[in-house]
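Open the model in your viewer and keep the sequence panel beside it. The stops below go from the whole chain to its sheet and then to its helix pairs.

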Amino acid sequence: MYFDSTILWVIPGLLLGLWAQARVKSAYAKYSKYTTRAGVTAENAVARLLQQQGAGDVAIQQTNGTLTDHYDPSSNTLRLSQGVYGSSSIAALGIAAHEAGHALQKAQNYPFLALRSIMVPVVNIGSNLAWPIFLAGILFSFEALMYVGIIAFAMVVLFSLVTLPVEFDASRRAVAMLNAGGFLTQEEETGVKKVLNAAALTYVASFVSALLQLVRLLSILNRHRD
Ligand SMILES: [Zn+2]
């Protein structure tokens, strides 16, 4: 039986991703049990913080699910999940402030966020078509198609690379804002950082994963040319 050994390239990325997910879950489970001493709910805290930063026009809503928190730049809306909205836990404040960090990036035209937004439509096409184009190239022994598939996938890799500064910056803003607002004790700040670092790790894992998939495509191309 033919075994495609290039699949071994993607396994470390997969494992790193699973490990990062597990860390997020455990940090979230742990720090959603600790109520902050200030006792302000996540949505009230970020509403105040955004107001202070001159971004009081951001809408704040509750959304279904767990860890589904996100900032939607098109409607300038911050959506907080059920476990975050209404909660004054360390995890809730950290997550809400991180999303508020994205809202601030938008308000202040943070360049990597702008770049990321420009890339979204191209990357959506690239991520859907990269493999089919590449496989068609193998099937028809048409090398140019294989290159097109690889370039399309390289866009996906670039996108997950650009995502990293956006995510790190949002977390940095989150901690700074919460501190400036007096919402955290020193001990609570450590907890917020643990939750946000675990979340950041999932983005690092996505990038490593994408990069290794690109290496896999290149090694298939290389083998095909021999
Ligand atoms: Zn984020």
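Two strands count as paired if DSSP finds at least two bridges between them. That rule is needed at the sheet. The model is a predicted one.

**Whole protein**

Show everything as a cartoon first. The protein has six helices and three strands, and along the sequence they follow the pattern α-α-β-β-β-α-α-α-α. Taken along the principal axes, the C-alpha atoms fill a box of roughly 65 × 35 × 25 Å. The protein has 226 residues, of which 33% count as buried. Among contacts with a separation of 6 or more, 73% are between residues 24 or more positions apart.

Next, select residues 59-63, 70-72 and 77-81, which are β1 and β2 and β3. In what order do the three strands lie in the sheet? The order is β1-β3-β2, and the sheet is open, with mixed pairing. β1 and β2 are the edge strands, since each pairs on one side only. From one strand to the next, the twist averages 25°.

Strands of a sheet pair through backbone hydrogen bonds, in either a parallel or an antiparallel sense. Zoom in on β2 and β3: their pairing is antiparallel and runs over three bridges.

**Helices α3 and α6**

Now select residues 90-107 for α3 and residues 186-225 for α6. Their axes come within 9 Å and cross at roughly 60°, so α3 is oblique to α6. The crossing is right-handed.

Show side chains where the two helices meet. On the α3 side, pick Ile90, Ala91, Leu93, Gly94, Ile95 and His98; on the α6 side, pick Glu188, Gly191, Val192, Val195 and Leu196. By class, this contact has seven nonpolar, three polar and one charged residues.

Key. Residues numbered from 1 in each chain as written. Predicted model: local features only at pLDDT ≥ 70, side-chain atom pairs only at ≥ 80, totals over all residues. Helix = DSSP H or I, 4+ residues; strand = E, 2+ residues; numbered from the N terminus. Buried ≥ 20, exposed ≤ 12 C-beta atoms within 10 Å, placed from the backbone. Contact = placed C-beta atoms within 7 Å. Axes fitted to C-alpha atoms, helices over the stretch in contact; angles between N-to-C directions. Parallel < 35°, antiparallel > 145°, perpendicular 65-115°, else oblique. Left-handed = near helix turned anticlockwise from the far one by under 90°. Nonpolar A, V, L, I, M, F, W, Y, C, P; charged D, E, K, R; others polar.
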